[in-house]
Amino acid sequence: MNPAEFANIARSERDFWWYRGMRDILFRMLDPVLAGRTVRRALEAGSGTGYLSHLLQRERKWPIVPLDLGSEGLRYARALGVDRAVQGNIMALPFADATFDLVMSFDVLVHMKRGEEHLAAREMSRVLARGGLLVLRTAAFDLLRSRHSVFVGEHQRYTRRRLMGLVTGAGIRVLRCTYVNALMLPIAFAKFRMWEPIARQPVASGVAPVPAWLDRLLYAPLAFEAHWVGRGHGFPAGQSLMLIGEKML
């Protein structure tokens, strides 16, 4: 990821509508699957600023290892007090087989060149214990690439079929996979495919504070989506994909 984006994320990750909404969606999908399971050790592969690992360590008391390729994000993670931060490559994870009960990776696969995602999927599967959970989030649909996508160094996006095929090929049984950030899809399409080109918008980060009233307005659809997916439903299209799978062997 573009190193310049870490500062933008660090300033916004706690309160910005998109991050709050996507965390709500994550936990409403994940918590029912976690019922009856014990997370003895977890990995966040591609942890960015480490804020999510910080939350999980503080609020859920999980022994979690945040891993990132560069040192930029890990500096933020250590400043937050996250333990066990590791610098490493998701395509060659520096851990033994079957080390973790839970491996999470959010918006990381999109930064890989085509073909590299298979190495990452196999590595995440390798370090998962049998019966362990893999949780992925990734951007969806190439036609939704934006100026922000270019700024952060995004190389590829996924469809539901392609993401499911990727993980099943790595020995993961898909438990749930759905598009999310779906309700604002028409607005996103109009912005990214019409307004940005017509207005010749520059390549820039899309992570920036907005007025409180607008933040609440933009958060509301994601809050509804969290409720919807928490009831076991999904969406046929959206700006992102969420997948939860289980290591089979």
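1. Axes are lines fitted to C-alpha atoms, for helices over the stretch in contact, and angles run from 0 to 180 degrees between N-to-C directions; helices are DSSP runs (H or I, at least four residues), numbered from the N terminus. This is a predicted model, in which local features need pLDDT of at least 70 and side-chain atom pairs count only at pLDDT 80 or more, while totals for chains, interfaces and linings use all residues. Residues are numbered from 1 along each chain as its sequence is written, and side-chain values use heavy atoms, with hydrogens and water left out.

2. Helix α1 (residues 4-12) packs against helix α4 (residues 71-79) at an angle of about 25°, and their axes are 9 Å apart. That makes α1 roughly parallel to α4, a term for angles under 35 degrees. Phe6, Ala7 and Ala10 of α1 make the contact with Glu72, Gly73 and Tyr76 of α4, where contact means heavy atoms within 4.5 Å.

3. Seven aromatic pairs are found in a search of the whole structure; rings of Phe, Tyr and Trp (its six-membered ring) pair if their centres lie within 6.5 Å, and planes under 30 degrees apart count as stacked, over 60 as edge-to-face and the rest as tilted. The rings of Phe16 and Trp17 have centres 5.6 Å apart and planes at 45°, so this pair is tilted. Phe224 and Trp228 form a stacked pair, 6.2 Å centre to centre with 20° between the planes.

4. Phe16 counts as buried at 10% relative accessibility, and Trp17 is buried at 13%, where buried means under 20% relative accessible area, exposed over 50% and partly exposed in between (1.4 Å probe, protein chains only). Phe224 is partly exposed at 42%.

Terms used. Helices (H or I, at least four residues) and strands (E, at least two) are DSSP runs, numbered from the N terminus. Angles under 35 degrees count as roughly parallel, over 145 as roughly antiparallel, 65 to 115 as roughly perpendicular and the rest as oblique.
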